[in-house]
Amino acid sequence: MAFSAPTVSDGFSAPQKGPKTLSGKGIPADVILVADRFEKAFEGLRTTGASVSTREVVEALNRHGREEAELLERYQRFIEEAESPPAQYLVQLILDDEQRHHRVLEELANTIAWASMKGEPDEVIPVFPRDGDDRALRAETRVLLEHEMRDRAQLRRLRRRLRSYGDVPPWSLLVDLMRSDTKKHIDILRFILRNA
């Protein structure tokens with residue numbers, strides 16, 4: 001495997017008005033876009049006159065986002081430079097998850113930063129109304145939950161069945177990852193049922 005040396009970066013400069021910059025080299029365009037999204041969160045802090053504790057939470061999310069950005073870059077480089085297609089395939093699955101995690105971090109930052117304002121940016125996490133009772137939503141959620149529960153049982157059987165084809169480690173791993181995703185889906189749907 002021929003990997004290049006990792007790029008050392010000190011991350012983002014402190015959020016200020018004016019041009020948004022990233023220090024370091026080779027940072028992908030989608031990471032720059034995320035920097036812009038975090039900048040919207042800092043704009044929200046300035047606009048709303050946020051409390052010190054709110055600022056600290058958003059700054060912590062931003063710090064974690066900077067670390068994630070460097071990790072995203074490293075995973076991307078791994079995929080491009082690895083000579084093992086199985087490793088590339090599996091690391092791409094990680095990269096897909098990490099990109100979603102990164103998006104959630106910036107959405108959390110924007111949600112917290114703009115919490116006291118109407119007309120906040122699109123990158124916020126919507127909340128369920130406290131007095132909501134959406135029967136249609138609950139009914140559809142129950143249907144989806146039943147599907148996920150069946151899927152969980154089917155994946156358990158599928159994993160046992162794959163053993164009869166020999167010990168092919170990536171197959172078992174992939175089914176285990178799908179089982180983990182199914183558990184996550186069940187948790188999300190149960191949350192919706194409790195809050196819708």
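A salt bridge is a side-chain nitrogen of Lys or Arg within 4 Å of a carboxyl oxygen of Asp or Glu. By this rule the count comes to seven salt bridges. This is a predicted model, in which local features need pLDDT of at least 70 and side-chain atom pairs count only at pLDDT 80 or more, while totals for chains, interfaces and linings use all residues. Residues are numbered from 1 along each chain as its sequence is written, and side-chain values use heavy atoms, with hydrogens and water left out.

**Terms for helices and burial**

- Helices (H or I, at least four residues) and strands (E, at least two) are DSSP runs, numbered from the N terminus.
- Buried means under 20% relative accessible area, exposed means over 50%, and partly exposed lies in between (1.4 Å probe, protein chains only).

- Helix α2 covers residues 52-81, and its 30 residues reach 43 Å from the first C-alpha to the last, close to the 44 Å expected at 1.5 Å a residue; the expected span is 1.5 Å times one less than the number of residues.
- The buried residues of α2 are V58, L61, N62, G65, E68, A69, L72, E73, R77 and I79.
- Helix α5 covers residues 169-195, with 27 residues and a reach of 39 Å from first C-alpha to last, close to the expected 39 Å.
- In α5 the buried residues are S172, V175, T182, I186, L189, I192 and L193.
- Among what covers these buried residues of α5 is α4 (135-162).

**Nonpolar cores**

- A nonpolar core is a set of buried Ala, Val, Leu, Ile, Met, Phe, Trp, Tyr and Cys residues joined through side-chain atoms within 4.5 Å.
- The largest nonpolar core has 11 residues, namely F38, A41, F42, L45, A50, V58, L61, L105, A109, A113 and W114.
- Two or more residues of this core come from each of α1 (29-48), α2 and α3.
- The most is given by α1, with four residues.
- A second, separate core has six residues, including L145, L189, I192 and L193.

- E107 forms a salt bridge with R103, and the closest N and O atoms are 3.2 Å apart.
- Both E107 and R103 lie in helix α3, four residues apart, about one turn of the helix.
- E107 is buried, at 19% relative accessible area, whereas R103 is partly exposed, at 38%.

- The side chains of D176 and R179 meet in a salt bridge at 3.6 Å, N to O.
- D176 and R179 are three residues apart in helix α5, about one turn of the helix.
- D176 is partly exposed, with a relative accessible area of 27%, and R179 is partly exposed at 30%.
- D187 forms a salt bridge with K183, with the closest N and O atoms 2.9 Å apart.
- D187 and K183 are separated by about one helical turn because they are four residues apart in helix α5.
- D187 counts as partly exposed at 37% relative accessible area, as does K183 at 48%.

**Surface patch**

- V57, V104, L108, I112 and I125 form a nonpolar patch on the surface, with about 310 Å² of accessible area together.
- Patches are made of residues with over 30% relative accessible area and no salt bridge; like charges are joined within 9 Å, and nonpolar side chains (Val, Leu, Ile, Met, Phe, Trp, Tyr) within 5 Å.
- Accessible areas come from the Shrake-Rupley method with a 1.4 Å probe, and for residues only the protein chains shown count as cover.
- Helix α3 (residues 85-113) gives the largest share of the nonpolar patch, three residues.
- L108 lies in helix α3 and is partly exposed, with a relative accessible area of 33%.

**Pairs apart in sequence**

- V91 is in helix α3 and is buried, with a relative accessible area of 11%.
- V91 and Y75 are 16 residues apart in sequence and 6.9 Å apart in space, C-alpha to C-alpha.
- Leaving aside neighbours within four places in sequence, V91 is in contact with Y75, F78 and I79, where contact means heavy atoms within 4.5 Å.
- S116 lies in the loop between α3 and α4 and is exposed, with a relative accessible area of 59%.
- S116 and A50 are 66 residues apart in sequence and 8.6 Å apart in space, C-alpha to C-alpha.
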